Amino acid sequence: MNEDKEIKKDPQPEQEAKADETGTPQQAPAQEPEAEPQTKREAEPQGNAKAQPQAEAEEEHKKEKKKRPEAEHLKKELDDIKDRLLRTAAEFDNYRKRTEREKQSSVAFGAASAVTKLLPVLDNLERAAEADSADEEYKKGVLLTLDQFQKALSALGVQEIEALGSEFDPAVHNAVMREAAGDKRSGTVTKVLQKGYRMGDRVLRPAMVAVAE
């Protein structure tokens, strides 16, 4: 009966050292270290990923805060430049207008000075035209010259000052004598001894007159 029973043997793992043909025992292979949980390895990159944008935002905020005073300074300089530019433009415009007025005044003064020197010539032509002459051709020549001269002065804006029969005006009349009023009102110009002329608003020569007392 004992023979029918199977003899049980302790199972030996395949990794147990066995003697090779030479009799040298073989070592079991080393066990690999257990892998760390994946959740632990992934936790660190996620934490770094969250911290990095925050750090970048703080750095950007610092840069913007640093740029703000510079921007304000530049804006102030720009405003100052604009103000100086406007002032310069206004001053130049005033200078241009003043120069134009002075130029016109200078031209008018030069023309007035030249015409004033020609007025005695006009006086002599008028006297020659009024004088009696037996030479009709001479008389005609004087009248033509006088007419041409008067037209030239009129083209320059020269006008005769009204005097005879008007109220005496010291701005345009030069009273050199007084006469009895008679039937005329006192202060009235009774006689014109020398014609006066003006050029625009400028008096070239006041009229020399006699005034009623």
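K75 is exposed, with a relative accessible area of 54%, exposed meaning over 50%, buried under 20% and partly exposed in between (1.4 Å probe, protein chains only). The model is predicted, so that local features need pLDDT of at least 70 and side-chain atom pairs count only at pLDDT 80 or more, whereas totals for chains, interfaces and linings use all residues. Residues are numbered from 1 along each chain as its sequence is written, and side-chain values use heavy atoms, with hydrogens and water left out.

The side chain of K75 meets that of D79 in a salt bridge (3.3 Å, N to O), a term that requires a side-chain nitrogen of Lys or Arg within 4 Å of a carboxyl oxygen of Asp or Glu. Because K75 and D79 are four residues apart in helix α1 (residues 38-130), about one helical turn separates them; helices are DSSP runs (H or I) of at least four residues and strands (E) of at least two, numbered from the N terminus. D79 is partly exposed at 35% relative accessibility.

A salt bridge also joins K97 to D93, with the closest N and O atoms 3.3 Å apart, and both residues lie in helix α1, four residues apart. K97 is partly exposed at 40%, as is D93 at 27%.
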